Amino acid sequence: MSDGEAAPALDSPALHCLVTGATGYIGGRLVPELLDAGHRVRCLARTPEKLRDHPWAGRAEVVRGDVTDAASVAVAMRGVDVAYYLVHALNTGSDFEETDRRAARIFGEQARAAGIRRIVYLGGLTPDGVPERELSPHLRSRAEVGRILLDSGVPTTVLRAAVIIGSGSASFEMLRYLTERLPVMVTPSWVSTRVQPVAVRDVLRYLVGSALMPDDVHRSFDIGGPDIMTYRDMMRGFASVAGLPHRLILPVPMLSPRLSSHWIGLVTPVPRALARPLAESLRYEVVCREHDIARYVPDRPGVPFSFGTALRLALQRVQDAQVTTRWSSAALPGAPSDPLPTDPDWAGGSLYADRRQLTMGATPDALWRIIEGVGGDNGWYSFPLAWAVRGSLDRLAGGVGLRRGRRDAQRLRVGDSLDFWRVEAIEPGRLLRLRAEMRLPGLAWLEMSVDQDGRGRTRYRQRALFHPRGLLGHAYWWSVAPFHAIVFGGMARNIARAADRDSRGRQEPAATGR
């Protein structure tokens with residue numbers, strides 16, 4: 001079973017469900033839960049290739065489209081019973097609220113035209129008694145999207161959650177890294193604000209169960225776990241569950257959400273662009289005002305999960321390397337999304353390249369294991385200080401830096417984030433292509449491949465490509481070009497050596513056995 005709970009009983013009617021946001025954290029976990037519950041699933045994705053390597057990919061239909069494109073949404077909704085709206089335009093620009101508004105209207109209008117039986121939306125829990133105009137743009141937009149969908153004329157379920165605790169969630173990663181890395185913390189005043197966290201397993205259970213709600217149910221539901229606590233309590237609870245010493249937490253009132261986001265970005269893998277809305281949301285007390293969802297998705301003994309149980313389950317997933325999706329599964333807002341140009345003389349203009357090639361005695365399989373294992377705790381096989389400095393500079397510029405790590409220590413799939421790269425293409429045993437998501441005056445890729453030369457020897461090929469944007473882009477390339485021999489040359493040599501060691505290490509036990 002995944003990080004979710006199976007919801008409907010086996011005798012529940014099978015429905016045809018549309019899932020938007022399947023490349024994201026919640027959507028990527030919801031799809032297999034719906035499939036396991038006996039439903040048919042269609043995913044709407046801007047880049048269907050990102051879903052190709054998910055374990056459930058062969059069981060679900062995937063169509064290309066965008067929630068801001070009415071025509072593609074209309075096509076995706078044909079023959080669908082239940083439509084899940086799990087997308088948002090957070091931090092895609094200063095007009096992200098307008099983008100959210102327009103996308104929600106299109107979704108609601110097309111759902112009504114297609115005769116959809118129910119829309120299900122996962123939004124944010126808003127504080128009681130706070131005028132909407134005073135909310136953070138993030139919470140305000142989430143609330144407005146819920147209203148737009150409720151006004152669409154289609155029976156709608158809006159689930160409103162506060163902090164979601166699960167392996168790989170942004171809230172969990174923020175909590176985890178703050179607590180693990182800082183035994184003594186000078187913190188913002190919002191650590192004293194009460195919140196009601198909810199386990200991702202319960203969120204998925206409510207999402208799946210919402211598909212079967214009666215047609216006359218048309219409303220919002222607050223969803224949360226059984227514990228109401230401050231963020232300080234959550235950090236101390238994490239320390240206890242993780243076996244860490246007691247944490248000393250000192251709130252400081254003058255730390256604004258903007259300063260808080262810099263603090264979070266400095267200590268955790270969560271970039272400032274995402275940390276700020278998380279910090280702004282924590283300024284308010286967000287506690288469930290009702291638990292009516294239990295009428296339609298009943299509680300069971302021990303369910304909803306307690307905060308402590310949710311933490312233990314999440315930490316076990318991390319330790320077992322069984323994190324199915326992460327907060328970084330969705331593309332970073334503002335990151336380049338253009339695919340690698342296949343022709344070096346492509347119409348887009350200049351394309352600089354640094355090419356390396358080495359032959360070795362290692363087997364192709366050994367070389368591929370090293371290539372697929374790059375990044376994260378394994379590093380990048382050359383000049384660690386240079387990579388660390390580049391990651392730090394990226395974070396100072398508001399980028400993701402190197403701290404996102406890997407979803408899985410050994411396996412990659414298309415769409416995975418990998419430090420400040422994202423997997424754009426992977427051909428097992430042959431090719432890995434990464435697209436840069438760091439702050440750059442242009443677009444960049446790193447490509448590593450395996451083949452054999454005319455004498456049957458294993459050959460490693462490596463290409464770093466850069467498409468500059470304007471004069472600054474050209475200046476950037478030539479300013480870093482002198483370091484390529486150290487960084488990229490060293491990387492190629494060290495990957496070849498690591499492959500040789502891996503190959504010898506696997507051959508020696510076999511020889512001993514003979």
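Q: Why is Glu-285 called partly exposed?
A: Its relative accessibility is 40%. Buried means under 20% relative accessible area and exposed over 50%, with partly exposed in between (1.4 Å probe, protein chains only), so Glu-285 counts as partly exposed. The model is predicted, so local features need pLDDT of at least 70 and side-chain atom pairs pLDDT 80 or more, while totals for chains, interfaces and linings use all residues. Residues are numbered from 1 along each chain as its sequence is written, and side-chain values use heavy atoms, leaving out hydrogens and water.

Q: What makes Glu-285 and Arg-194 a salt bridge?
A: Their closest N and O atoms are 3.1 Å apart. A salt bridge is a side-chain nitrogen of Lys or Arg within 4 Å of a carboxyl oxygen of Asp or Glu, so the pair qualifies. By this rule the count comes to 31 salt bridges.

Q: Why is Arg-194 called partly exposed?
A: Arg-194 has 37% relative accessibility, and therefore counts as partly exposed.

Q: How do you know that Glu-437 forms a salt bridge with Arg-422?
A: The closest N and O atoms of Glu-437 and Arg-422 are 2.7 Å apart, which means that the pair meets the rule. Both residues also belong to a network of salt bridges, which includes Glu-424 and Arg-463.
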